[in-house]
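Biologist: Could you take me on a close look at one part of this model? I would like to hear about its charged side chains.

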Amino acid sequence: MTVDLAPVPTASWDTIQHVFYRKEELYALPWAVGDLADYLVAAAKNGGPIALMRDERKIVQLGSHTSGKPKINVYTSSGLPLATFNWELPPPILLHFTTTHLVVLSDEGVYRMYDLSDPSVYTQHTLGSDVERLGLVGAKAWDDGLVVLTGELQFVQLRGWKGGRIAPMAPSGLTSPPHAWTIVTPDVSTSGHVEVMFSTDSTVVTVDTLDRIDQRVSRGPFTSVLLSPNGRFLALLTATNTLWVVSADFSRNLSEVHVGAFGDGAPDQAAWCGDNAVVLSWGGKAIVVGPSGDYLEFDHPPTVQLVPEVDSLRILGTSAHWLIQKVPDALLAVFGPGSTHPAAVLYDALEHFERRSSRADEAVRAIRPELARAVDGCVEAAAVEWNVELQRRLLKAAQFGRAFMDLYNPIDFVTTGQTLKVLNAVRYYEIGIPITYEQYQSAGPSALLAALTARNAHLVALRIAQHLSLAPAPVLAHWAAAKIARAPAGAAEDERLCALIVRKFEHEGGGGRVGVAGVARGAWEMGRKALATLLLDHEPRAAEQVPLLLQMKQDKIALEKAIDSGDTDLVYQVLLHLRAALSPGDFFHLLDDSISPHLAPAVRLLQVYARDGDRQLLRDFYYQDDRRTESAVLEMDEAGESSDSAERLQHLSAAAKSFSENKDRAFEARMTEDAHRLLVLQQTYERELEFKFVFAGLTVTDFIGALLREGLGKRAERVRADWKVPDKRWWWVKLKALAANHDWEGLEAFAKSRKSAIGYEPFVTHLLALTPPQPQRAAAFVARCDARARPDLYARCGEWGRAAEAARERGDRAKLDELRRAAPAGLAQREVDDVVRRAK
């Protein structure tokens, strides 16, 4: 039986004092680039794309480059072309990649942001007129902005790329350009803000937006100032070719190495390799200098570009692309020379097992107490290994070890397998993103998906998102935006494109869970209003759908969608927006439910809102919609709520007019006119009586009662006559008024003046109901009441003897017995008994 031999993992390893480094060739580059020294070069972090532009400031050999307008060529890390951008501005001083854009800064302070997914799209910004006037000496960038050195040798920072805030930093104190400078990004600076560190003739100075600090270093000048990726260390290269490594605050001296013997003159380039070593480049070799001064030497083409990463260093040449990295501890544990780590033993056990050797069982038994550690070690080693075959063998070793364990949590094993599928897919040369496991863990899968969509690798990004169970919405949205940008305009094309996008979202987005509102917004911003409207018809979330329709001036559709959602708050939002945006005529015409009956719920909600918060709006709406009855009712409501008599008269007059314009509301019109006339009369009486009394707002009955209580009988009679008050009501009102005034003589005279329209029993009951009751005066009216009611009325007045006598006169024996039982003991009981005996 033959066994395929796995690649030798340590073939690319070398050591600096027991610290191993490896150099891996990532890609052979197919591009036709002659000499990188002739170009401005920028490389994105985490294995991102590469930008090349011929440096027009350099003299080049005739015929070595094509003539014409300057162009910026963007390639993958594997050397495949991605995009080409035109450049018409003055020569650039900086090229820098963000996740989705290439930033190009001219020496006059104007910068462009090119969209990597569409070479024709860019935005242009300026650093201000002062920077443009002074010009730029240098510039450096980080993820969220840049710092420039102006012609006045002052540092200015830009925070935020798209129209970000420009702020000058503290005065630098420079009289000549610094020998070298670097920026300390906010994520690693002690202040949390961007800082600049630069070398003068003798020292190093740090400036931020507030202060300038002299680090009081006397070993300058320094030709290179390099900050490690974690921000903890500084590598300073002196004019005498001494590499000095210190802590970032200059409190600890870590190493000091004379590098003049490594090459002729000063290094061409210098950069950190992770946080562990510094790489210096001379001509055709790269020197990796370790902490103790020992070094490794790697050969490379004469001109290269060093690209520092968070855990490694990439070397970009004209024909190949390499990676230099400190060998991860997990790999060292498995493949390190003489390693006795359980993971190494487990890996050897797998090889013995495949050879059918009994030593496999011996190896497993030897590490059985640490078998879980061995399995985890193999999984971790697979994650950081570059070679796919070795990844498989390491995972196979982990799986082999798991077979001997009763309990093991497979989450790390499964997650690592998923991650390696992703990393291997994007490392493939057709995609060309040589991202390491540590870079992937640091940036996260969302950053990788953004990088893929930025280069229009939508299918790969979508499959990765689905493989990792991530939301596909960002990928689908970017794909749809790219489709819209490239599609021609037209009704038929809009319908076809809408159907394509909706079908893709439904199929790839998990059954329609991904909304298209964001895509519709993008289409509208591109000037494709009709397409945006079509897309919004398929948006299931009204809260996302309606605001965009309002921005697109699709007012009626927005209102209809809000009504269909059943969300009253959303309907109110639309109504208030339309009221502010439209003229009153257009607003009310839009709400005409006779034209659009399905808008009736919105009309009702508007009335509810306006009745509580904006009566004038409701009044205008009723007038515009010719709702006379509703207008009159509104005026009546406001008349009742008004405390000012003049305003009340105005409202009543308006209500009467509105009622009169509707032939079916003649009765209401008359009643309103009567209310107006009554209020006018009340105001007249108040003036005539020198405002001693307040009558305004009283009903006819209360008005008459008030006049009678104040002794204004003639005026009360006039009101009675004018408003044709019925006799019964008049008798009740006057009875109550006289009783309230305790005018007993007037009450007696009123009772005798004519036959009572209400009878006399109300006289008795009302007098008894007064506070305090008036039983004696009430008893005087009982004789005028109906004979059947007299016994009970006398009894209520406390006249028990007269009550019994009234019953005896009627011959009502049953009532006599009832009175006898009900009469209180004492005099009342004797009076009733006397009447009963006489009745016998």
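Which side chains meet in a salt bridge with a distance of 3.3 Å, N to O, one of them being Lys 752?

Modeller: Happy to. First, a note on the basis: this is a predicted model, where local features need pLDDT of at least 70, side-chain atom pairs count only at pLDDT 80 or more, and totals for chains, interfaces and linings use all residues. Residues are numbered from 1 along each chain as its sequence is written, and side-chain values use heavy atoms, with hydrogens and water left out.

The partner of Lys 752 is Glu 748, at 3.3 Å from N to O. A salt bridge here is a side-chain nitrogen of Lys or Arg within 4 Å of a carboxyl oxygen of Asp or Glu. Both residues belong to helix 27 (residues 744-753), four residues apart, about one turn of the helix; helices (H or I, at least four residues) and strands (E, at least two) are DSSP runs, numbered from the N terminus. Lys 752 is exposed at 57% relative accessible area, while Glu 748 is partly exposed at 24% (buried is under 20%, exposed over 50%, partly exposed in between, with a 1.4 Å probe and protein chains only).

To set this pair in context, the structure holds 31 salt bridges. Among them is Glu 88 with Arg 112, whose closest N and O atoms are 2.8 Å apart. That pair links distant parts of the chain, 24 residues apart: Glu 88 sits in the loop between strand 6 (81-86) and strand 7 (92-97), and Arg 112 in strand 9 (residues 110-115). Arg 112 is buried, with a relative accessible area of 5%.
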